[in-house]
Amino acid sequence: MLSYVVRRLLYSVVVLVAASVLVFTFVSVSGDPLAQLRITPNLSQQSVQNVIDRKHLDDPIPVRYWYWAKDAVTNEFGTTLLGDRPILPDLWRVMKNTLQLVFIAEILAILIAVGIGVSSALRQYSVFDYTATTVSFLGLATPVFWLALMLQVLVVQIYEQTGHRIFPVASLNSVDPGSGIHFVLDRAHHLVLPVLVLMVASVASYSRYIRASMLEVLNSDYVRTARAKGLPESRVTMKHAFRNALVPLVTLVGLSFGTLLGGAIVVETVFSLDGMGLYFVNALLANDPYPVMAWLMVTATMIIVFNLLVDIAYGYLDPRVRYE
Amino acid sequence: MSDRVPPATDGLAAGADLSGPSLAYESGMEVQARSQWAYVRMRFFRHRLAVASLVVLVLIALVGVFAPQLAPYGYDEIDLENTTRSPTLDGWHLFGTDQLGRDYLSRVIFGIRTSLWVAVFVALVSTAIGTAVGAVAGYYSGPVDNLLMRLTDLVLTVPGLAVLLTASVFFGSGDPLKIGLILAILFWTAVARIVRGLFLSLREKEFVEAAKAAGASDLRIIVRHMLPNCVGPIIVNTTLVVAAAILVEAALSFLGFGIQPPNAALGKLISDGQSEGFELWWLVTFPGLVIVIIALCVNFVGDGLRDAFDPTQRRIRA
C-alpha cells in the first residue's frame, strides 16, 4: 500500500512537470500579453521595456520556462504581469471559497443522487423511475449558466411581485460580518442558489449511474442467494445490495471533480462569488498569463491529489482491489 | 457500406425450413434478407422517443439552414418603435424584443444556425481525429498507445472548460470556425479512448488473424475489417459530442470568450439578454430553452442509437 502511494506520488510529480511544460508553452506561444499595453497612449516605450525586462519576455521560451518554473517553486508563482501583485495569497483566498462551494454541492449531490438512484432501481419502470429518468435527462441538457440565470430571474420576479427577498442573487461580500451562528447562517443563505445550480448536473449523472449499478447488483447471484436464505427483503437491499452498489460511485466522483471545478467557473461568474472561477475569468479578461498559469497548475495539483485519495479509498472499499 | 455486410439470416425462417414441409416459401411468402443496417434502422424506429426527437432536431436544423429566409426580421435590425416588448403575436415578436427593438425570435433563429453548425463541425472533426489516433494506438499498441494514454491523462488533470477558455483568449476568438477547432481539440481524446479500447479487443479476433494470414496490409485490416465493427459506438459517441459541444460552446460564448458579433450564437444572446436586466426575462429565457431542447433531443437520439446498435443491451441506461 505504502509503496503504491509513493509510486503514484512520483508519477504525479512527473505528470505535473509535463503539465507545466505544456501549459507554459501553450500560453506563451499563443499570444502577446503586452499587446494591449503597446497600444496604450501616453505610455513610454521605457515602461513597456521595463515589464519585458522584469518578466524576461525577450528570451527564448525554454529560458522563460526556466525562470517561470523557478519562480513557481521558490517564490510562490511570483507576481502578476503588471501590478506586481503576489499571486498565491489571492489564490489561497479564493480557493477556500470555491472548495466550500464545491464540497457542499458535491456532498448534497451524492446524498440526493443515492436516494433517487436506489429508489429508481428498487421500483424499476415505475412512475417514479420514469420521472427521475426524464428529470435527469433534462438536468444533463440544461446549461449551468442558464439555470443560474433563470433562478435569478425567478427570485427577482418574486421580489417585484411580493417584496420578499428570498435569496440573495449575487456576491458573498454582503455576508453579515458578525461572528458565530449569524455568520454561518447568512453565508449558507448566500450559498443556496450557487450550490443548487452546481448540484444539478452531478445529481443527474450520479443518479443514473447509481440506478444502473444498483440494478446490476440486485440481479447478481449473491443477492439471489441472500433471498433464497430467506432474509427479509429490506435486509437484502440495504445490507447486501446497497453497499456494493455504491463502490463504483467513488470512481465517478473522483473523475468528475475537474468537471465540477469547470462548473464553478460558470457559477461563480454568474453569482459573482469571490472564488477560483471568477479569479480565473478575471485573469483571462486582463490578458495576464501569470495568474492563468498559476491557476492551471494549482488546479491540476488539486485534481491529482483528489484522484489519488479516491484511488486509495477505493482500495479500502473494494477488497478485490489489490495494489501491487 | 450496407451491401458489404453479410445479410443476417432470419432465424425463424431458417428454423421453419427444417421443421417440415408446411411453411414459409410453400405458402408463397418470401423471406426477406435484411442487412445489419436494416436491423439497426428497425430497432431505432421502434424507439418512439428517439424518433420524435430526431424529427424535432431535423426541424430545428432546417430552421437554422433557412434562417435568412425564415427569420421575420434581420439579426441586427433595430426598431426603436418596438423596444422591450414582451412576447407577443403582434408583429411576430414571439420571443419579445430588447432595448434596441431587435426581434429575439429572429436573433434566436440566426443563433441556432451558428451554434448547430459549430456543434456538428466539432463532432465531425473530433470523431475523425479521435478515430484515426485511437485506431493507430489500439492496433499497434506500443509507443503510440503509450503516448496517447499519457496525453489523455494530462488532459484529465485540468478542467476542460479552463483549457478552452485559455485557448480562446490566447488564440483569439470570435470566429465560429476557430471556436469549433478549439472545441475539437478538447473532444477528440474521448473518441480516441473509445476506439482504442475497441481495437484492443478486436485485434485478438480470428477474422483479423485470417486477414493477416491472407496478406492484407495493416491499412486494409484497419479500414476494411476493424473499423466497420466500431461504427456503432463511434456514431453514438459522435451524437453525444454534438450535445456536449452545444452546451460548452454556449458557456464559452456566454462568458464572452466564444463566438462574438457579428456572428450570432445562442450563448451570446443569453449574456446580451442578461445585461439588459432581469425585467426583460424573455431575452434570457428563450435562447436558453432552445439550447435545452436541442441538447435534450440530441441525447435522446444518441440513446436510441445506442440501443439500436447493440442488440444485446439490457434495458438499463446508465
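Author: H11(B) and H13(B) are roughly antiparallel to each other. This is a predicted model. The angle between the two helices is about 170 degrees, with their axes 9 Å apart; angles over 145 degrees count as roughly antiparallel, hence the label.

From H11(B), the residues that take part are Gly232(B), Ile235(B), Val236(B), Thr239(B), Leu240(B), Val242(B), Ala243(B), Ile246(B), Leu247(B) and Ala250(B). They meet Ile291(B), Ile294(B), Ala295(B), Val298(B), Asn299(B), Val301(B), Gly302(B), Leu305(B), Arg306(B) and Phe309(B) of H13(B). By class, this contact of H11(B) with H13(B) is made of 15 nonpolar, four polar and one charged residues.

H13(B) also packs against H3(B), which spans residues 48-65 of chain B. Here the angle is about 135 degrees and the axes are 8 Å apart. H3(B) and H13(B) are therefore oblique to each other, and H3(B) passes H13(B) in a left-handed crossing. On the H3(B) side the contact is formed by Leu49(B), Ala50(B), Ser53(B), Leu54(B), Val56(B), Leu57(B) and Ile60(B). Facing them in H13(B) are Ile294(B), Cys297(B), Val298(B), Phe300(B), Val301(B), Asp303(B) and Gly304(B). Sorted by class, the contact of H3(B) with H13(B) has eleven nonpolar, two polar and one charged residues.

In the interface, 34 residues of chain B are in contact with 42 residues of chain A. On the chain B side, the elements giving two or more residues are H6 (142-156), H7 (160-170), H11 (231-255), H12 (266-275) and H13 (281-309). H13(B) gives the most, with nine residues. The side of chain B that touches chain A comprises 26 nonpolar, seven polar and one charged residues.

The largest nonpolar core has 159 residues. Those with the most contacts inside this core are Phe280(A), Ala245(B), Ile246(B) and Ala251(B). Phe280(A) leads over to chain A. Leaving aside neighbours within four places in sequence, Phe280(A) is in contact with Ile265(A), Val292(A), Trp295(A) and Ala162(B).

Phe280(A) is one of the buried residues of H11(A).

Just after H11(A) comes Asn287(A), with a positive phi of about 60 degrees. Asn287(A) is not a glycine, and it lies in the loop between H11 (276-285) and H12 (289-317) of chain A. Most residues other than glycine have a negative phi. With 17 other C-beta atoms within 10 Å, Asn287(A) is partly exposed. Tyr125(A) is another non-glycine residue with a positive phi, of about 65 degrees. Tyr125(A) is found in the loop between H5 (87-122) and H6 (127-141) of chain A. Tyr125(A) has 10 C-beta neighbours inside 10 Å and counts as exposed.

Helix H5 of chain A also holds Gly117(A). Gly117(A) counts as buried, with 26 C-beta neighbours inside 10 Å. Beyond its neighbours within four places in sequence, Gly117(A) is in contact with Tyr206(A), Ser207(A), Ile210(A), Arg211(A) and Met214(A). Its C-alpha atom is separated by 8.4 Å from that of Ala132(A), 15 residues apart along the chain.

Chain A as a whole has twelve helices and zero strands. Of its 324 residues, 32% count as buried. The C-alpha atoms of chain A fill a box of roughly 85 × 65 × 40 Å along the principal axes. Among contacts in chain A between residues at least 6 apart in sequence, 70% join residues at least 24 apart.

Note on methods: Residues numbered from 1 in each chain as written. Chains lettered and ligands numbered in written order. Predicted model: local features only at pLDDT ≥ 70, side-chain atom pairs only at ≥ 80, totals over all residues. Contact = placed C-beta atoms within 7 Å. Helix = DSSP H or I, 4+ residues; strand = E, 2+ residues; numbered from the N terminus. Nonpolar A, V, L, I, M, F, W, Y, C, P; charged D, E, K, R; others polar. Axes fitted to C-alpha atoms, helices over the stretch in contact; angles between N-to-C directions. Parallel < 35°, antiparallel > 145°, perpendicular 65-115°, else oblique. Left-handed = near helix turned anticlockwise from the far one by under 90°. Core = buried A, V, L, I, M, F, W, Y, C linked by C-beta atoms within 7 Å. Buried ≥ 20, exposed ≤ 12 C-beta atoms within 10 Å, placed from the backbone.
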